[in-house]
Amino acid sequence: MSRDHDHSCQIDLTFREHVDDRLSDTLFVDRAWLPMFVWENVPIRTKSSRGLTMMERFVIECLIRLNDCHADDLREIAAIPTELADWLLASCLQKGLATRKGDRFEAATQACDNALEQNQIPIVIDEQVDFLCFPQTEEFALIRDAGQFIRDVRSILPSGQFPLPERWKRAERREMLSQAIKSGKVYGEGVAAVVDVHGDVRVEQDTCPAYQANAILVDQSEGDWRLEIIGSRKFKRRASAESTGGRTDAPQDVSIPINIPVLPHLVRYWRDSLAAVQGAIRDRLSERGLATQENHNGCWQVNVDGAAASAMACEQLLATSIDLEVLIDREVRFSFPLQLQPSDRMATKAFDRDAAVREVLSSPQTADAAASICNAARTTMAELRHRLWELKEFGKVYELREAEDFGE
């Protein structure tokens, strides 16, 4: 069934101060479960190409024209030293441009013709690389130079365990990666050049470590994406009766950033989780007297009447730009900007008053600036002081009353 108005989910809404460096249409995952394996030193074979050198072109033409070729032939034709000639012929053999019979080499005709026509020579490289594996969406990221990240991940404890699908259990990693490459679910630099995955290492676990993560939910499906992996680190320290009560270990949450290719299926999974409860979110906002609508940028706009503004003011300073935090089933937390629009005179007055309060709180010379701030915001000094008192900004209240209370 559609979950647009699924009230079976527990949804908690919280208004937060807007983070200034966030764009008006940015959606954040502040906390979400992220099952993740780190597969190190996976042997792969890549195939690419590069331009022919003049010497390589000469050797290929010799192979074709002489039918078979020996290092001595290259030395007699072009005075190429025997050692270099042996290396050049062995290189053609390794690249599939020649076959060997005894001490002589024969052209692999089709491969040689292709190389001469395209002026390209194939390059096959066997190497070991690291993969990050995300079984929740069956996506993989090929990460080069991942050593520091891997060391950091090893130093933290996961927040839980994710049960693996049956087909993953006891499966060979090379099979999983090969299938994912065919499905276009492996991302990273050089993935397009991977022609084979080797090794017989199997997935021995029934579960996968699950961490907490946060990220911006990007719109694009390509490019880099910044994730932060969150876990608990244990650190050793000397026992202290005063500070630890004799304990030597203390858990500490740490955040490990990494730039990886965008995982489009994971982004879609998280977006769908929020989309499924958008109707319920609107209903909850409506219960507070907040009518929502979306503008052309996808940012939520909220109309606020006087009663709703008064209720919000009991919790925080009013502002036309705030962030809405949405916690779903106490498992995943999103946040995104809301644009608040006062819809009546009472609400407009409340927003103007709180805008004046913000200016006064940030002003280094409160008493001198307060009068002009109040005039600009169409707010009286009495209303300003009353609001500061509600916010327990007693120091500012005393500053504003100082001349009145202690003046001659």
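Which residues are buried in helix 12 (residues 381–390)? I looked this up in a predicted model, where local features need pLDDT of at least 70, side-chain atom pairs count only at pLDDT 80 or more, and totals for chains, interfaces and linings use all residues. Residues are numbered from 1 along each chain as its sequence is written, and side-chain values use heavy atoms, with hydrogens and water left out.

**Helix 12.** I found Leu384, Arg385, Arg387 and Leu388 buried (under 20% relative accessible area, 1.4 Å probe, protein chains only; exposed is over 50%, partly exposed in between). Seen down the axis of helix 12, these residues fall within an arc of 160°, so they line one face of the helix. The arc is taken from the directions from the helix axis to the C-beta atoms. Helices are DSSP runs (H or I, at least four residues), as are strands (E, at least two), numbered from the N terminus. Just after helix 12, I noted that lysine 392 has a positive phi of about 65°.

**Helix 6.** In helix 6 (residues 173–182), I recorded Arg173, Met176, Leu177 and Ala180 as buried. Down the axis of helix 6, its buried residues fall within an arc of 95°, so they line one face of the helix. An α-helix has 3.6 residues a turn, so residues three or four places apart point the same way. The cover over the buried residues of helix 6 includes strand 3 (37–51) and strand 7 (120–134), by contact (heavy atoms within 4.5 Å). Glycine 184 follows helix 6, with a positive phi near 75°.

**Methionine 55.** I located methionine 55 in helix 1 (residues 54–66). Methionine 55 is partly exposed, at a relative accessible area of 34%.
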